[in-house]
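Hi everyone, thanks for coming. Let me put the chain up on the screen, and then I'll walk you through a few spots in it.

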Amino acid sequence: IVDANRKPRALYGAFRKELSPVTVAIQKSIITITAKSGFPSYTISNHILKIMQGDKVSSSYPIPEIKPGDKAEINIKKGVSNSRIVIENKGGMMIYDSLL
């Protein structure tokens, strides 16, 4: 999934999304985050939802603790069409990344 210089290949994004411990559904200004109950699964705590414009954070929202199989809804401000949703853990590791 990375080349000899450890640069991610195109397949890297697909692996990261498939192996993310969360699924995300978007309906208007509500983002529903579900902690997977299969593989991989763990309690989501101290994570942040970020709305990105390019490389800049336009807004961020703390995610409440979510146990495997449970979900949380977050109301966001209306984003622009080229925004991305990023979920990071407290250490800054990205566990989810997708276009809004």
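**A walk from the surface to the core**

Let's start with Phe15, which is partly exposed, with a relative accessible area of 38%. Keep in mind that we're looking at a predicted model. Phe15 sits in helix H1, which covers residues 11-18.

Okay, now inside. Which residues touch the most other members of the largest nonpolar core? That core has 18 residues, and the ones to look for are Val22, Val24, Ile31, Ile33, Leu49, Ile63 and Ile87. S2 gives the most, with 3 residues.

Take Ile63 from that list. Leaving aside residues up to four places away in sequence, Ile63 touches Ile33, Ile44, His47, Ile48, Leu49, Ile74 and Ile87.

While we're on S2, which spans residues 30-35, have a look at Thr32 in that strand. Is Thr32 buried or exposed? Thr32 has a relative accessible area of 16%, so it counts as buried, the cut-off being under 20%. Again skipping residues up to four places away in sequence, the contacts of Thr32 are Thr23, Val24, Ala25, Lys71, Ala72 and Glu73.

Side chains of opposite charge can pair when their charged atoms come close. How many salt bridges does the structure hold? There are 3.

One is Lys50 with Glu88, where the closest N and O atoms are 2.9 Å apart. This pair links distant parts of the chain, with Lys50 in strand S3 and Glu88 in strand S6, 38 residues apart. Lys50 is buried at 18% relative accessible area, and Glu88 is buried as well, at 16%.

Another joins Arg84 and Asp97, at 3.0 Å from N to O. Here too the link is between distant parts of the chain: Arg84 is in strand S6 and Asp97 in strand S7, 13 residues apart. Arg84 is partly exposed at 21%, and Asp97 is partly exposed at 23%.

Then there's Lys67 with Glu65, at 3.4 Å from N to O. Lys67 is partly exposed at 45%, whereas Glu65 is exposed, at 53%.

How values were computed: Residues are numbered from 1 along each chain as its sequence is written. This is a predicted model: local features need pLDDT of at least 70, side-chain atom pairs count only at pLDDT 80 or more; totals for chains, interfaces and linings use all residues. Side-chain values use heavy atoms; hydrogens and water are left out. Helices (H or I, at least four residues) and strands (E, at least two) are DSSP runs, numbered from the N terminus. Buried means under 20% relative accessible area, exposed over 50%, partly exposed in between (1.4 Å probe, protein chains only). Contact means heavy atoms within 4.5 Å. A nonpolar core is a set of buried Ala, Val, Leu, Ile, Met, Phe, Trp, Tyr and Cys residues joined through side-chain atoms within 4.5 Å. A salt bridge is a side-chain nitrogen of Lys or Arg within 4 Å of a carboxyl oxygen of Asp or Glu.
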